Amino acid sequence: MSHYLKKYFEKTKESERSTAAIAYLASLDHIENSEPKVSQAIIQELKDQRSYLKLIASENYSSLAVQLAMGNLLTDKYAEGYPFHRFYAGCENVDTLESMAQEELKSLLGAKHAYVQPHSGADANLIAFWAVLTERVQNKEIQALGKATLDELTESEYETVRQVLNKQKVMGLALGAGGHLTHGYRHNISSKMMQSVSYGVDPKTGLIDYEALKAQVIKEKPLILLAGYSAYPRKINFAKMRAIADEVNAVLIVDMAHFSGLVAGKVFQGEFDPIPYAHIVTSTTHKTLRGPRGGIVLANDEFSEAVNKGCPLVMGGPLPHVIAAKAIAFKEANTQAFRNYASKVVENASLLASFLQELGLKVLTNGTENHLLIVDLTPLKINGRQAETLLRKAHLTVNRNSIPNDPNGPWYTSGIRVGTPALTTLGMGEKEMAEIAKIIASVLKSAEPDTQKDGQKSKAKAIVPENILESSQETVARLLKEYPLYPEITIDE
Ligand code: PLP
């Protein structure tokens, strides 16, 4: 027995010992024997996460069961294909796990077909795009050429089909308006394999204008209308989105990577739940859904077969150890405790937005209806990069974010994105949101761009009075002591 577990046994009474802590500490001991730099990095990350308030809207804290399910021999198994239809022998146990994860997910979200293999949200989106391109474009072209399958095409026929695929159009929310890179951004493959057109938000309200979107969709006639966001603080009406897509027979894909936990937790219901309206829904599993890093694709009957062919379409082998962790996370999300959590996430975000506004900060769209809010820094004369760095010094982790038509561009930006999923997992509520709002406001309002050696104002650095930083750090330390992360894991500081 090495030191972490030994110390734990010495310090913790038998009746108070946790199997998760024992498993965790034993694994750290084992890793330490193999490569101490790796165990040290894991422990340092734990210490960091225990010292900084996590306000990154796309992050959370998964359960120890989710984490432990990933650290085992399932990682060694190849299982290309899908349950009970594999290209490898010996996949019986992966079949059991994967079909269990699919069933859990379908029951959680009321979906007809679930594919749980994508390694990430970006993969899930590629699979969704290619499922649509296959069903709606490629298969029709093959038929028009009088052939039955792709393999029967000559080289030149295949080249013709390839070019037709490349001419299709995807329409997603612009990156600067809160969309994601994979929604047609120029530097992403989504805009290289298809033509890409973006829609924005109303410059006055910051909201999606459904009438303007309808007119744009009718003009552009995209093959795919994509709804979903990484930095949009409002709900989306998916009934309206579907009606708009139907105007031009476009396929509605909803990327609910950010808000799948709010759908699973029944906070987004009726017209705000994408499942009944979208042809395909994609998501990550590690944000508000609080599972392992990964992706999922849900599909209606038209696309379920094509989605199942995620391998070979986009991916190689699935990650069975991550699928095991997904199965646990979906089950955890199908509980009243998770539903309470999801509504608390939204309540906390809304409280945080109002406290920040009361303290004089500008919050885009005047608040939030989901788990995130965007602070517009333009009145404060600092940019997003400076705010992000200063808040980290105050022991709060946020990320900088563009605002619509950002004058500072996507690197420096003029905003910060603030989210409540992680803090809510720790159990924080109204009182803590008020304290956190005070820290954010005091740091940002007293910040000034740093002056460089040549006398010019720095775009990367800003300064705040030392006493403000110190008092922020003290408050953060107190809050994190009151709401500890993984309290059962004891590691000497
Ligand atoms: N889609 C949206 C809306 C996202 O916000 C993200 C990640 O931030 C992704 C897709 C990509 O997910 P991943 O980082 O798992 O590839």
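How many residue pairs are in polar contact across the interface of domain 1 and domain 2? The rule finds ten, with both residues of each pair at pLDDT 80 or more. The model is predicted. Its chain is divided into domain 1, residues 77-333, and domain 2, residues 336-482. This briefing covers how the two domains meet.

**Extent of the interface**
- The C-alpha centres of domain 1 and domain 2 lie 31 Å apart.
- On the domain 1 side, 25 residues are in contact with domain 2, and 25 residues of domain 2 take part in turn.
- About 2,000 Å² is buried between domain 1 and domain 2. Carbon and sulfur atoms give 62% of that area.
- Pro233, Arg234 and Arg290 supply 30% of the area that domain 1 buries against domain 2.

**Salt bridge**
- The rule finds one salt bridge across the interface of domain 1 and domain 2.
- Arg234 forms a salt bridge with Glu369. The closest N and O atoms of Arg234 and Glu369 are 3.6 Å apart. A salt bridge is counted within 4 Å, so this pair qualifies.

**Polar contacts and the domain 1 side**
- The ten residue pairs in polar contact span the interface of domain 1 and domain 2.
- Helices α10 (260-264) and α13 (320-333) each supply at least two residues of the domain 1 side that touches domain 2.
- α10 gives the most to that side, with three residues.
- By class, the domain 1 side that touches domain 2 has twelve nonpolar, eight polar and five charged residues.

Terms used: Residues numbered from 1 in each chain as written. Predicted model: local features only at pLDDT ≥ 70, side-chain atom pairs only at ≥ 80, totals over all residues. Heavy atoms only, no water. Domains from an automatic or database assignment. Contact = heavy atoms within 4.5 Å. Buried area = accessible area lost by both parts, 1.4 Å probe. Salt bridge = Lys/Arg side-chain N within 4 Å of Asp/Glu carboxyl O. Polar contact = N/O pair within 3.5 Å; in protein donor to acceptor, adjacent residues only side chain to side chain. Helix = DSSP H or I, 4+ residues; strand = E, 2+ residues; numbered from the N terminus. Nonpolar A, V, L, I, M, F, W, Y, C, P; charged D, E, K, R; others polar.
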